[in-house]
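I opened the model to look up a few things and kept notes as I went. The entries follow in the order of looking.

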Amino acid sequence: MRIVATDLTKRYGTGENQVIALHKANLEIQARDFISIVGPSGSGKSTLLHLISGLDYPTEGVVEYDGQNIHQGKDAVLSAFRRRRIGFIFQKFHLIPVLTARENIIMPLLLDHRQVDEGYFKQITQFLGLEHRLTHLPSELSGGQRQRIGIARALAVNPEFIIADEPVSALDVSIQAQILNLLQDLQQNLGLTYMFITHDLAVVKHISDNIIIMYMGSVVEQAPADELFANPLHPYTNGLFSAIPIPKLRGRSKRIIMEGEVSKPDGKPGCKFAPRCPKATEECFSVTPTLRDLGNRHKLACHHQEK
C-alpha cells in the first residue's frame, strides 16, 4: 500500500470571502507507516483527512492510492473504496445507543451488505478485550471501553489503512496510554498503516514514525519522529515543544509564548506564522516559504532555515 498526495489544496468561497483551508500539502504514506498530523484548530488537519480518505474533493492536487487517483471515479466507486480499504476512529465514539457493542461493531459490514467473518470478529474483539462486553449497551460501558468498540468497528471491515481523528483527546490520561499502546499492538499484529490526527505533540512522541506539523492550512515542518524531537527547527514547532510539560528536579523549562494576531486563511502571500514569529522579517510577510528538504528526511517551510 502506498498513498501519495501532491499539491493538495482546498478552497471555500470566492473573492474576498475565500478561505484556503489547505494549501499545497504534499505527503507520502508507505505500508505500515504511523504518520501523525499535528496542529491547532484551523490548521487544516481535518481537511487533509477528508481529502486523503476521499470524503471530500480537492480544489487542486491529486491523491493517489497505489498509483490510482481516488478522486477520478464516480462517487459510488469512491464510496466503495473507502468502505472496504479505510477504517475510521473518531474522537467522539458515535455509537448508536440502542444497539449492543456487537451490533455497533458490525454496522459497517451490514451497511455494505457483507457477511460477518466470525473468526476475524472473534480475533479482534479478544485482542481488544471486548469478548465479555458484546451484549452490553454503550451506556453500560466506560469511556475506554466505548473507544475500544470504536476501534473494533474500524477494524471490522478488515482495512489496511486506519485514519484516527483525535482518538484519545476525550479520554483520561491513563486511558489514553492504554489506547495508544493498543493501536501500536494492532499495527504490529495486523500490519496496519495509520494516519493519526492530533493537536498534542506529547501524545505522538513514542508511537509515530513520521510527524507533520501544520499551521493555518500549510505544512510547516515534516520529519521522522526521532529527528523532529531531537532537532525541531520551525519557530512554531519549537513553541509546541516548549508547551510539553517535562518534570525536572530543579528549575523549569523555558516556555515560548507565541504572541501576536493569528493570520487569516486567505490567499495572500507570506508566511502565516509571521505575525507571531520572533524571527519574522519583511520577507516573511511578503513571500510564502516553500517546504524544502534539509536532509535526513527533514523538511521545513521557513525563510530562516538553520540546521
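I started with S6 and strand S7 (residues 161–165), which run parallel and are joined by five bridges. Phe90 stands opposite Asp165 in S7. I take helices (H or I, at least four residues) and strands (E, at least two) as DSSP runs, numbered from the N terminus. I noted that this is a predicted model, in which local features need pLDDT of at least 70 and side-chain atom pairs count only at pLDDT 80 or more, while totals for chains, interfaces and linings use all residues. Residues are numbered from 1 along each chain as its sequence is written, and side-chain values use heavy atoms, with hydrogens and water left out.

I found helix H2 (residues 75–85) lying across S6 and S7, at about 70 degrees to S6. H5 packs on the sheet and touches S6 and S7, and its direction makes about 165 degrees with that of S6. Axes here are lines fitted to C-alpha atoms, for helices over the stretch in contact, and angles run from 0 to 180 degrees between N-to-C directions. Contact means heavy atoms within 4.5 Å.

I read the strand order as S6-S7-S8-S3-S9-S10-S12-S11, eight strands in an open sheet with mixed pairing. Strand S6 (86–90) and strand S11 (292–293) are the edge strands, each pairing on one side only. Two strands pair if DSSP finds at least two bridges between them.

The largest nonpolar core has 57 residues, and Ile151, Leu155, Phe196, Leu201, Ile211 and Ile213 have the most contacts inside it. Helix H5 (residues 143–156) gives the most to this core, with six residues. A second, separate core of 27 residues includes Ile37, Ile86, Phe161 and Ile163. A nonpolar core is a set of buried Ala, Val, Leu, Ile, Met, Phe, Trp, Tyr and Cys residues joined through side-chain atoms within 4.5 Å. Buried means under 20% relative accessible area, exposed over 50%, and partly exposed in between (1.4 Å probe, protein chains only). I then checked Ile213: leaving aside neighbours within four places in sequence, its contacts include Val38, Leu201, Tyr236, Thr237 and Leu240.

Seven of the eight residues of H9 are buried, among them Tyr236, Thr237 and Leu240. The cover over the buried residues of H9 includes strand S3 (34–38), helix H7 (201–204), strand S9 (210–215), strand S10 (218–224) and helix H8 (225–230).

I located Ser263 in the loop between helix H9 (235–242) and helix H10 (282–286). Ser263 counts as buried because its relative accessibility is 15%. Its side chain reaches the backbone oxygen of Lys272 at 2.7 Å. Beyond neighbours within four places in sequence, Ser263 is in contact with Met216, Lys272 and Pro275.

How many disulfides does the structure hold? It holds zero, a disulfide being a pair of cysteine sulfur atoms within 2.5 Å. For Cys277 the closest cysteine sulfur is that of Cys302, and the 6.2 Å between them is too far for a bond. Cys277 is buried at 15% relative accessibility, and Cys302 is buried at 10%.

Arg32, in the loop between strand S2 (19–30) and S3, has phi near 70 degrees, a positive value in a residue other than glycine. Arg32 is partly exposed at 46%.

Terms used
Polar contact = N/O pair within 3.5 Å; in protein donor to acceptor, adjacent residues only side chain to side chain.
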